[in-house]
Structures are given as C-alpha cells and as structure tokens.
Amino acid sequence: MPPSSHGLGTAPDVTQRPFSEDLETWLRSDQPKSLGALADAFEEKSFAVAALLLLSLSALPIPTGVLTWVFEGLALVVATEMMLGRETLWIPVRLRHKTLSERITEKAIPFLIRRVRWFERYSNRRLSRVFGQGWFTRVLGAVIFLFTLGAMVAPPFSGLDTLPSLGVVIVALGIILEDLVVLVVGIVVGTGGIVLILALFGAIVRFFQGLS
C-alpha cells in the first residue's frame, strides 16, 4: 500500500542514493545556497531537511549566541506547518532566497554530512510505513516544536540549547532515513535536553525563593 500523501514517508526505492551523498552533491553544486533551494532539492523530505538544517548550528558544540534564534524561529514555523498537515513547505519569501551564511555552508552542513554518514551505516528502514501516516507527521511536528522551543528558551551561551537542537537534528534524520529507532534516539536526546533546562530553571527559582 503506498504511503499517504499527507505523510512523510516515500515508497521504497532500492536505487535511492544515501541522503549524505545527495546533501554533499547539493553543497558542491552551483545551485543557490539558500533555504528555499535546499527545500526544493529535497522536496519530498523538505520539512525534515529544513528542520535538520535550521537546528544544525544550535546542535554544534560551540557558542552560537542569539544568531541561532532566527533559525530556531523558522524551525517553529516548519514544525507548525507539519502539525497543520501541510503537504508543501512554505518559507517566507524574504528568507526563502536569502543566501545561507558561511557558518552554515562551511561548518554546519559538512559537520552534518559526517554525522549523517555515521547514522546511515547503522540505519535501516525500521517500521518505515508509519512515516507515511498523516497523524504521525503531526505528532513529529509537535515533537520538533517542543524541542525547538526548548532550545530557544535556553540561556544564551550556556550550551543548554545543544541537546534539544541535537534532538531535532536526529528526529529529522530519522524521518529522512525512515528509521523509527533513529527517531526514538532523537526523542530521548531532545527530552534529556528539555529536562536539563527545566532543572536549571527550577534551581534558579529555588535560589531566589531562598533569598526572600
């Protein structure tokens, strides 16, 4: 049975190239290096690819400051569209054609390609049919929204945005590879990040309560 057109799954294709190769080919091509161009190049997986790219900078173990808030805000839009069941990715025109920064194209994406290759070595299309269900797409949109929101509210330069962002990256990768095990790993990582952020806020509240 073919997957629902409202889901994220695709029909099995034994000739399909690894996603890491497609991403590297796009990066080395003469195509414009914009979010819109990337979404167009990976149309059938545009939501997951967009989430993967937008949170990739936050997922790097380096200080990023407030620069990532713009990307995280866009990721919230992507997640909201997934929750609403949209079939095509909408990106604001002003940002759709904006060239990605060198930090993205020269650091974040090459870093992603290396990590994607590692996942591809161990990944398999486990329970891939569920990715073709519309309700599952909406659930994953909610997961990505929650983790992205957690990354946004994490204190700047604290590094606490790394785990929720990494959770989004792995969840998106699970969608692209259609591997439920990879997806679950992403959910565990992202949830761990949210727990750490909540623990920090709880400690801050208790500290100020102790001063009163």
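Visitor: Are Phe19 and Phe42 buried or exposed?
Guide: Both Phe19 and Phe42 are buried. Buried means under 20% relative accessible area, exposed over 50%, and partly exposed in between, with a 1.4 Å probe and protein chains only. The model is predicted, so local features need pLDDT of at least 70, side-chain atom pairs count only at pLDDT 80 or more, and totals for chains, interfaces and linings use all residues. Residues are numbered from 1 along each chain, and side-chain values use heavy atoms, without hydrogens or water.

Visitor: Why is the pair of Phe19 and Phe42 called edge-to-face?
Guide: Rings of Phe, Tyr and Trp (its six-membered ring) pair if their centres lie within 6.5 Å; planes under 30 degrees apart are stacked, over 60 edge-to-face, the rest tilted. The centres of Phe19 and Phe42 are 5.3 Å apart and the planes stand at 65 degrees, so the pair is edge-to-face.

Visitor: What makes Trp118 partly exposed?
Guide: Its relative accessible area is 41%. That lies between 20% and 50%, so Trp118 is partly exposed.

Visitor: Why is Phe119 called buried?
Guide: Phe119 has a relative accessible area of 17%. That is under 20%, so Phe119 is buried.

Visitor: Why is helix H7 called oblique to helix H9?
Guide: The axes of H7 (residues 102–122) and H9 (residues 162–177) cross at roughly 55 degrees. Under 35 degrees is roughly parallel, over 145 roughly antiparallel, 65 to 115 roughly perpendicular, and the rest oblique. So H7 is oblique to H9.

Methods
Axes are lines fitted to C-alpha atoms, for helices over the stretch in contact, and angles run from 0 to 180 degrees between N-to-C directions. Helices (H or I, at least four residues) and strands (E, at least two) are DSSP runs, numbered from the N terminus.
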